[in-house]
Amino acid sequence: MGAIKSDECQCAACRSLAMATTMPWFGMDIGGTLCKLVYFEPKDITPDEAELEVETLRNIRRYLTKNSAYGKDGHRDTHLQMDDVVVRGRRGSFHFIRFPTSAMGKFLELAKDKGMATLVSSVCATGGGAYKFEKNFREVLNLSLHKFDELDSLLYGLQYVEMNNPTECYYWKHPTREDKCEKVNFDFSQPYPFLLVNIGSGVSILAVYGPGVYKRISGTSLGGGTFLGLCCLLTGCNSFEEAIELASKGDNTSVDKLVRDIYGGDYDRFDLPGDLVASSFGNMNSKDKRQLVSREDLARATLVTITNNIGSITRMCALNEKIEKVVFVGNFLRVNPIAMKLLAYALDYWSKKALKALFLEHEGYFGAVGCLLQLHCSGSS
Amino acid sequence: MTDKTNPIDLPDNIRVFDNLRNAKRFAIDIGGSLTKIAYYSTTSQRTVFYGPLNKDEQEEASLEEALVYEISEGARLHFIKFETRFISQCLDFIQQHLVNTRDHMLGKSIKATGGGAYKYTELIHDKLGLSVDKEDELSCLIKGCNFLLRNMTDEAFTFCRHANPEYIFMKAQPNIFPYMLVNIGSGVSILKVESEDKYERIGGTATGGGTFWGLGKLLTSAKGFDELLDLAEKGDHRNLDMLVKDIYGGDYELLGLPGDLIASSFGKAMHAKKDSSEYSEADIARSLLFTISNDIGQIACLYAMMYKMPRIYFGGYFLRGHPLSMHSISFAINYWSRGEVQALFLRHEGYLGAIGAFLKGAEECDSDKYSWKENLAGSAQELNFTIEPFETVPVTPPANLILGQLEMDRWEHPVTSLPFLADPDNYIPDTVDLNKDTEARDYWIQCFRDATCKYVDRAIQSQPHSETAEKRAHKFRDKYLSRLQYLQEKPFAYGNLTVRSLLDTIEHLLKEFDFPDPYLMQKKQENEIAMALLPQRLQHLDKMSEINRRTELIRAILAGNMFDWGAKEVAALMSQNGFGFEEAMSKLQERPWLVDGLDQWLQRMKGPAHKCAAIFVDNSGFDIVLGIIPFARELLKRGTRVILCANSAPALNDVTYSELQELLRQVGVMCPIIQSALQSSRLLAMGTAQAGPCLDLRQVCRGLIKTLVQSEVDLIVLEGMGRALHTNLTAKFTCECLKVAVIKNRWLANRLGGDMFSVICKFEPEAID
């Protein structure tokens, strides 16, 4: 779809340029909650190269590719692994790894143990943490960070991944019907213009008009961090996965006040269906009702509240910008079909099908990929 | 007929469910947490009939006993707000006190709106015997909002934290449409209003007051909504919210996001253990308040931009005048619209639905026929959630359940804006904004505090035969002093704080405590003394050369204007015997005056006569009799028609319309010029509809306006401190204007660069656009 072709030039000049960019190749996106790490594993190593490859580098490659968990906090999303991709003339695989930003200290220690500092002098990074942790990288690893703009990287990575993965983009068909609901592949070859909604700790909303042509039009502080933060306070859960797990078993209708709770049914005059949420957590002012709700119900209500809110802000932005395609990304959507279906419904229903909610398989990793792809650019240090 | 023979029984519970026995019609707005009851009542108030008295009668009885009181009927709207969980008690209370009108209510209906209208239909029917007419909630909100915007002075305001002033009140505008109304109830409804009948619900969000309250209940131990707001006031959201700088280490310069901006609400609370004391309740409450109000602000702003609405009013009962919430919403709207959209809050945000429900089909409130004003005595301010203590309230069950109330009185005559204002859109009657000018505010509040005892004495003296006068006067004192204290702390609570509003509050409270005209005796005596001097005075003037006479006429207005019981320093002078008109003349400032337009005025008088002069008069006694009447006579002699515009109801010692009529009749007897002018209607007295010592030219009796326009007024005369200095000093008119006043307050005189008794004599030609 965009500027980057997967069948990049393989000529010797390019190959030697790539070689000049010292392995290992990483891209990091250090967000408020999660740090996303993309590692490029070269699969086209010639025997000559293998011989030259230093021990440390080989060890790192093996450590990363043979494990799917690193310490207590690091995880590799093996299902997202992309094979047979070409980056600057090198063929190989992308590995997608994440760990909580709060574990940055441990990560740095681990990287030090693995001898990262002996291999390279700089790492590409984006996200707020690229600024916040710059000093730590220098002090612990003696590494400088090549900082790349977060939104540029996001779009860059999105374009690349979408180009290289034919089933990257999809939508939810019949999002409200448990029995008929399904993921359907979407042809994203003619993407522009589209709205990009990145739901991380907070939410950024970009209007994208063409390759590299975009503006940040809105955002909200009610994002994934709000969901998890409130869920932890309300239910005592310990992780995003646990919060989602709880939510999937809960029912928000006992927590929320619905239109029918107020009007006894639909509010016909304004076309509001009875099962619409009129007031999120609106029943929780009553002691009796508080005693009836479970942790699962509270988690579900939190998820629905945050997701619907993002849905309405997005819808307004799309209408204001007159853009029909809306792409949702960010790690809030990870293992979170409830939120995706709600977003799909929110956009479809309220826009009377004028808007289309789209999703991407590598939802949270585009920033890190985009960052890695810019490796040969200088970035700002 | 004195108050002995026809006592007006003041109910003890005067301030809660006031005048319920005379309630004529009810409406109720039952929300999830709060219920508002509206009712219309007729009020009986004593007014003094100031008619001609037979000479014998006057000699036999003391003046006071000879006074004639009339009972006048007024119309009043009452709005009472309480928590819905007390609805049963409140309905019981109403039912018990409806005895006088219960028959009247039979077979009638009550308008009901709000979500609870469905739930409580039966309860209402059982308790009150009224059938329940359900009215659509949103249409009620809009109707109520329109009514407030049209009738209520300083209803809407903007809020900007740390600015001076923080509150800026909007002028009532004749064209209120189009606007967007965001009603924050449990959820949020967003309405686009294009005219009285054309509106649309364009959207909403479920993240509303109920979300704040529900989550607040789950996460804190706050017992009430207000307690939760108080907690929020004390907390620090930065302990829970992830700020831009928590992610970036500082500002995110590339996107222009400051480090303190909230990037993720509650983002720091992830991995919190439940019930751990890791986060304080206050911090949680504050974070919650910011989360919800920011979100509402942003969504409202998106709708406003989409529908190109420059103004958003916020209704509902979430904000409650809470600075933190209003700041948060204003900030969000300003941020997301880049200053293009304005967030406006309403002083009576909580009453929209009840007002609207009440107005449905209410003839009494036909906006073409009637105008309404806030009763400053009966309304409890909205910009605070603790209700001002009502000393007069005995502990009856409902009294402590009441969260707030609003009373509006119907103007006796419908009012409208004076059409001769050069810039009606930007006209503000008041010269000094006491919200902004803290030095002036401190001075005037203290000044009125000091003067309170004088009003009390005067009130008691005015009813020497009443057994309750002293008690009532003390209630007046306590309530006024507590109001002043309150205004000192929250000067914006009743709209723009001005000298005018402080004076009006006195008048409203005095009437409320049944002191219809405390200066009555004073006015009468001074009128009589002045009347006795008038023939001689007119002779003296008639002997003078034209130029000397015209100078003398202005000086006489000024001297007359010095006799003012409203001014504390003059009152002290007048209390000494022997301070007469000549003494007053001699105390006048030497020319050049502080503002000296006398020469321009005299020059103008050499030119063609005016067609018609409208003179807005001030005090009784020397002022009107020896100052204004001779001046009017001079204009009449030149062929100018003269309309003397006086207050319709008493305020301090200001001459009222009915008193003025009687005075003119008496003057007519002694002066043929006046007599003939009265007979040919070339001299008229008319009422302005106002009842305070100042003059708000946006609210002048429509009948008077009609006459002024028909008479093609080309000269407006504003006389006295109240009408030409505290208000209208800077007002410009489309016709010529003469403003004449003596500054009878040392502090104010000094502030304006003059001394006590400095003179303002300002002649302004018609303003040219």
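In this predicted model, chain A has a mean pLDDT of 90, and 93% of its residues reach 70 or more. Residues 1-11 of chain A are an exception to treat with care: their pLDDT is below 50. In the model this stretch has 23 contacts beyond near neighbours in sequence. Where pLDDT is low, predicted coordinates should not be read in detail.

Chain B contains an open sheet of 7 strands with mixed pairing, ordered S18-S25-S24-S23-S19-S20-S21. Strands S18 and S21 of chain B stand at the edges; each has a single partner strand, so one side of each lacks a neighbour in the sheet. Within the sheet, S19 and S23 of chain B pair in the parallel sense over 4 bridges. In this pairing, B:Ala613 is opposite B:Leu715 of S23(B).

| Strand | Residues |
|---|---|
| S18 (chain B) | 595-596 |
| S19 (chain B) | 612-616 |
| S21 (chain B) | 683-687 |
| S23 (chain B) | 715-719 |

Chain B also has a helix pair, H9 (residues 225-234) and H11 (residues 281-306), packed at an angle of about 100 degrees with axes 7 Å apart. An angle from 65 to 115 degrees counts as roughly perpendicular, and H9(B) and H11(B) are therefore described that way. On the H9(B) side, the contact is made by B:Leu228, B:Leu229, B:Leu231, B:Ala232, B:Glu233 and B:Lys234. H11(B) contributes B:Glu281, B:Ala282, B:Ala285, B:Arg286 and B:Leu289. The residues of this contact between H9(B) and H11(B) comprise 7 nonpolar and 4 charged, with no polar ones.

Definitions and conventions: Residues numbered from 1 in each chain as written. Chains lettered and ligands numbered in written order. Predicted model: local features only at pLDDT ≥ 70, side-chain atom pairs only at ≥ 80, totals over all residues. Heavy atoms only, no water. pLDDT = per-residue confidence, 0-100. Contact = heavy atoms within 4.5 Å. Pairing = 2+ DSSP bridges. Helix = DSSP H or I, 4+ residues; strand = E, 2+ residues; numbered from the N terminus. Axes fitted to C-alpha atoms, helices over the stretch in contact; angles between N-to-C directions. Parallel < 35°, antiparallel > 145°, perpendicular 65-115°, else oblique. Nonpolar A, V, L, I, M, F, W, Y, C, P; charged D, E, K, R; others polar.
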